[in-house]
Amino acid sequence: TDGELFFLLIGLCARIVLSTKTTPSLVSSSIQAMALLIGSGTTCVVNYPEMIFEIVSILTHVIRNFASLGPVSIEIINAALRALFNLNDKVIRQLKAVEPCHDSNKTTQFPDRKLFQDMIQLCVTILSILLPQSHAHLTNGTLNQQAAPAQESNSLIFTSEHAQTISELSSCLAAIASLLEQPLLSDVLPAILLLFIELLDLPDSPASQCVLKTFQSMISQQSAKEEDSITYFQSMCKHICGRICDTSRGSNLLFAVLVLITSMPECASHPEVQNAVITSIKNTLKSASRTERSKAARVAFRLCNVESISHIFLPTLGYDLLAIAAKASKANLATKEDADVISQGILCIEISLQFAQGSTQQQRSKLMAATLPILISLLFEDPPSDYARAVSNLALKCLKRIGPSYPESFKEVILAVPQLKVKLDRVLRQGTCSNNQSQHPRAQSSTSTPSIKLTMDFSAFK
């Protein structure tokens with residue numbers, strides 16, 4: 001029968017893997033076959049759930065004995081991760097959907113704590129082989145049953161070629177997390193979050209972006225279990241922020257914090273979380289890397305733009321972005337990253353004015369008096385670069401939206417400082433002339449270069 005054939009093939013794969021005379025290439029082929037069998041023979045495994053323990057044990061044996069032998073080890077790791085993913089996404093998920101069995105002859109309830117711990121242990125072992133430095137970080141966290149640190153001589157050097165492996169590992173962790181409910185949630189979720197931190201701390205690459213998207217999807221699912229997950233989310237926010245202070249590439253970790261807080265704004269209710277997030281973003285805004293500063297500014301703006309927590313972050317992070325925008329000049333608008341940081345400051349100005357709708361006329365006038373000069377200072381009659389032009393256009397659009405929304409306060413500030421009115425009138429007239437010229441293309445030079453529109457893509461965090 002099909003069931004007998006399935007178990008025969010699984011047994012053959014296990015025999016090859018466990019044989020003392022096997023070779024790495026045979027192990028790789030056998031594990032790949034086992035992954036395919038698990039994916040296609042779900043019903044067979046569900047009928048004999050005890051086999052899941054045996055499969056996880058076999059995968060752990062393979063990783064510990066064959067996963068540090070050069071290029072073939074990546075094939076083995078990928079196949080083992082695919083088998084583990086199939087176990088979670090198909091077999092264990094179907095087991096959880098089945099009505100609990102009350103057979104007194106069965107001594108094991110599936111899935112149980114030990115099974116999840118064994119699967120996490122397998123992921124930790126793989127991570128320790130790929131990233132030996134992760135062992136120290138996991139030891140300092142809350143994951144107590146991690147694998148022994150891999151020796152330098154038998155550890156792989158992580159490269160961009162391992163992108164698939166990283167993606168497979170993050171998918172496995174997310175699949176395990178999706179099955180968690182109390183009381184297993186409190187035991188396993190913190191370990192999964194710690195492992196994700198290690199993956200998110202990799203250099204920016206397609207692989208790390210894939211991990212970030214998987215992390216976002218996982219957190220979105222966990223946020224539905226609000227009462228059970230919020231404590232872990234708050235703890236992870238503080239842990240990640242502490243990690244950011246120890247790394248020169250904290251942007252992906254910052255985006256992870258953004259995902260945690262926007263998925264569950266209650267995380268920001270804890271003062272320690274607030275201080276940790278604000279401090280880590282402020283420090284990153286001072287980074288020597290333009291790219292890091294740009295990404296930190298995007299995270300700061302997104303936090304300021306969440307209405308339920310804007311009162312926490314707008315007075316602090318929003319103020320920092322405004323201060324950066326106030327110091328902007330033609331000289332520091334030479335790159336897309338610098339222009340991006342200043343653009344976030346412009347957007348924060350508009351947000352602060354939007355949230356001031358319920359304030360008094362006097363309060364709005366004070367806010368206008370502080371922000372309008374910054375916006376007008378960013379208007380360039382003759383932009384020195386496409387990035388400066390983009391910033392100038394954004395500031396002008398912001399002014400055009402603010403004016404009609406708060407006409408009295410706007411007029412009061414403009415009339416009080418004649419220089420502001422003069423510059424704004426000049427830029428508006430120049431814009432009108434440019435629009436008129438655009439209606440007569442023959443009058444324009446054929447060598448004119450179009451402006452580059454500044455893009456701010458937050459699609460991954462909607």
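Biologist: At what angle do the axes of helix α4 (residues 50–66) and helix α6 (residues 113–130) cross?

Modeller: The two axes cross at roughly 15° and come within 10 Å of each other. This is a predicted model, in which local features need pLDDT of at least 70, side-chain atom pairs count only at pLDDT 80 or more, and totals for chains, interfaces and linings use all residues. Residues are numbered from 1 along each chain as its sequence is written, and side-chain values use heavy atoms, with hydrogens and water left out.

Biologist: What makes α4 roughly parallel or roughly antiparallel to α6?

Modeller: Angles under 35 degrees count as roughly parallel and those over 145 as roughly antiparallel. The crossing is at roughly 15°, so α4 is roughly parallel to α6. The crossing of α4 and α6 is left-handed.

Biologist: Which residues of α4 meet α6?

Modeller: On α4 they are I52, F53, V56, L59, T60, I63 and R64. Their partners on α6 include L115, M119, L122, I126 and I129. Contact means heavy atoms within 4.5 Å. The residues of this contact divide into 10 nonpolar, 3 polar and 3 charged.

Biologist: How many disulfides does the structure hold?

Modeller: It holds 0 disulfides. For C267, the nearest cysteine sulfur is that of C237, 4.9 Å away. A disulfide needs two cysteine sulfur atoms within 2.5 Å, so C267 is in no disulfide. C348 is in no disulfide either, with the sulfur of C304 nearest at 4.2 Å.

Biologist: Is C348 buried or exposed?

Modeller: Buried means under 20% relative accessible area, exposed over 50%, and partly exposed in between (1.4 Å probe, protein chains only). C348 has 0% relative accessibility, so C348 counts as buried. C267 is also buried, because its relative accessible area is 0%.

Conventions. Axes are lines fitted to C-alpha atoms, for helices over the stretch in contact, and angles run from 0 to 180 degrees between N-to-C directions. Helices (H or I, at least four residues) and strands (E, at least two) are DSSP runs, numbered from the N terminus. Angles under 35 degrees count as roughly parallel, over 145 as roughly antiparallel, 65 to 115 as roughly perpendicular and the rest as oblique. A crossing is left-handed if the near helix is turned anticlockwise from the far one by less than a right angle, and right-handed if clockwise. Ala, Val, Leu, Ile, Met, Phe, Trp, Tyr, Cys and Pro count as nonpolar, Asp, Glu, Lys and Arg as charged, and the others, Gly among them, as polar.
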